[in-house]
Amino acid sequence: MKPLTDDPAAEAAGEDLNRSYEAMAHLIAVVQELSHARDLDTVQAIVRRAARALTGADGATFVLRQGDLCYYADEDAIAPLWKGKRFPMATCVSGWAMLNRQPAVIEDIYADRRVPADAYRPTFVQSLVMVPIRAAAPIGAIGNYWARRHRATSGEIKLLQALADSASIALENVALYRELTERVEELKEANRLKSQFLSNVSHELRTPLNAILGYTELLIDGTYGRLKTDQRTPLEGVQRNAGDLLRLINDVLDLTRIEAGKIEIRTEKIDLVTLLQEIFIDIQPILDQKSLALWLDIPEGLPVIESDTAKVRQILANLLSNAAKFTDQGKVMVSAEEIPHRPGVEIAIRDTGIGIPKEALPKIFERFHQVDGSATREFGGVGLGLSIVKELVGLLGGEIRVESEVGNGSTFTLFLPCR
Ligand SMILES: Nc1ncnc2c1ncn2[C@@H]1O[C@H](COP(=O)(O)OP(=O)(O)O)[C@@H](O)[C@H]1O
Ligand SMILES: [Mg+2]
């Protein structure tokens, strides 16, 4: 190739520039590679290769500080150096660079008192440079070695220092990442144990509670003799409260089962109208108590959905009992319709109740979240209903959304796919 210029000095300067551009590009690629490293081995491998390739040296080492020792963790060189060995900080060059927090540039290793010559005699090394990793409090060092006499240039030192800085960040990332993975594992285990515990406790609570409910019913029915008039009301109180407790325990059990992935889905054709009417029977007493009207609007010819009846029932019962619970006057309305371009049915449960503040809307589907969670709250419940609803809707491949305005009521809209 014909030289661009006849001036040899300019030509040499041009080549220098080219080399430093190339080195820069290489460094950037290495920094990017390092930013993805998630473990020490990867960082080590990248640094070992890059440390030698960046400067074109005959060898490179990657040294880690281990207390009072320098551990020669890795190397890439024309002949073996000290990979796997440990030396006291005070008697090796990497130790000097770390303790003095600055590069050691050594042109003739046999003429420098910092170098333990005996350790070098079996090697090819004539000259070296060693830069600390993380200047503030070094955690390691990177070395470059030459088989011929060579004084590391300021460009080479800068490149190595830049590599050391990136390695330092990469090592910190590795430590953080490891800590994070450990935390996640711990949390997963804690969560599993908690679910197991809840599931066991709920199970154990149900047995005596069922006995309480059973005996109370027998008492109320007069099996143990006619009740006196003033005995009925407190017994009904026992029955109601025990019933609430049973529902709560069942909710907790449901949630732990869903969490553990232990819920099976059985699909069958669902008759929505009949299902809703069955649910209405359960909430009718609450509606009557507050003189709330109930409107049902289900058009003929809705597509038939195949889903899990028990789960759809649980979803609708939860939404309807909320609607009745949080409404003092007005009505509760249930409507269903087919929506365009989406095989399925959309069911809306509307009420004219207290509504939900905007900022609370994203939270109400979270476990135990209640808009009024105070001990003095007006409404019963523990805040599990909607989180169960959300999990179940997800299991059935559906969706749920809510719109609400404080003082004007809420609308929960449930989409269930045809299958
Ligand atoms: N229809 C509704 N109208 C007003 N607030 C509601 C309605 N449905 C749910 N909420 C709010 O969302 C919270 C969570 O509901 P849920 O999970 O069913 O728990 P719970 O009924 O046990 O309080 C309720 O405490 C209430 O603050
Ligand atoms: Mg509820």
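Which residue of β13 is the bridge partner of I400? In β13, that partner is L414. The structure is a predicted model, in which local features need pLDDT of at least 70, side-chain atom pairs count only at pLDDT 80 or more, and totals for chains, interfaces and linings use all residues. Residues are numbered from 1 along each chain as its sequence is written, while chains are lettered from A and ligands numbered from 1 in the order in which they are written. Helices (H or I, at least four residues) and strands (E, at least two) are DSSP runs, numbered from the N terminus.

**Domains**

- The domain assignment gives domain 1 (19–262) and domain 2 (268–417); such bounds come from an automatic or database domain assignment.
- The centres of domain 1 and domain 2, taken over C-alpha atoms, are separated by 45 Å.
- Seven residues of domain 1 are in contact with seven residues of domain 2, contact being defined by C-beta atoms, placed from the backbone, that lie within 7 Å.
- On the side of domain 1 that touches domain 2, the residues comprise four nonpolar, no polar and three charged.
- In this classification Ala, Val, Leu, Ile, Met, Phe, Trp, Tyr, Cys and Pro count as nonpolar, Asp, Glu, Lys and Arg as charged, and the others, Gly among them, as polar.

**Ligand 1**

- The shell around ligand 1 holds 21 residues, and the closest are Q370, V371, G381, G385 and L386; a residue is counted if its C-beta atom, placed from the backbone, lies within 6 Å of the molecule.
- Divided by class, the shell has nine nonpolar, eleven polar and one charged residues.
- Helices α8 (309–325) and α9 (385–395) each supply at least two residues of this shell.

**The five-stranded sheet**

- Five strands form an open sheet in the order β8-β10-β11-β13-β12, with mixed pairing; two strands pair if DSSP finds at least two bridges between them.
- β8 (293–297) and β12 (399–405) stand at the edges with a single partner strand each, so one side of each has no neighbour in the sheet.
- On average, neighbouring strands of this sheet are turned by 15° against each other, direction ignored; the axes are lines fitted to C-alpha atoms, for helices over the stretch in contact, and angles run from 0 to 180 degrees between N-to-C directions.
- β12 and β13 (residues 409–417) run antiparallel and are joined by seven bridges; besides the pair I400 and L414, R401 stands opposite T413 in β13.
- The hairpin of β12 and β13 has three residues between the strands, and G407 in its turn has a positive phi of about 90°.
- β11 (residues 342–351) also pairs with β13, in the antiparallel sense over seven bridges, and I347 has L414 as its bridge partner in β13.

- Seven of the seven residues of β6 (residues 140–146) are buried, that is, 20 or more other C-beta atoms lie within 10 Å of a residue's own, whereas 12 or fewer make a residue exposed and values in between partly exposed, with C-beta atoms placed from the backbone.
- In a regular strand the side chains alternate between the two faces of the sheet.
- In β6, G140, I142, N144 and W146 point one way and A141, G143 and Y145 the other way.
- β1 (residues 59–66) runs antiparallel to β6 and is joined to it by six bridges, with T61 opposite G143.
- β5 (residues 127–133) is likewise antiparallel to β6, with seven bridges, and L128 has Y145 as its bridge partner.
- The hairpin of β5 and β6 has six residues between the strands, and R134 there takes a positive phi near 65°.

- R52 lies in helix α2 (residues 40–55) and is buried, because 22 other C-beta atoms lie within 10 Å.
- Residues up to four places away in sequence aside, R52 touches A57, G59, A60 and D76.
- Helix α3 (residues 93–100) has six of its eight residues buried, namely V93, S94, G95, W96, A97 and M98.
- These buried residues pack against β1, β2 (69–77), β3 (86–88), β4 (104–106), β5 and β6.

Key
Contact = placed C-beta atoms within 7 Å.
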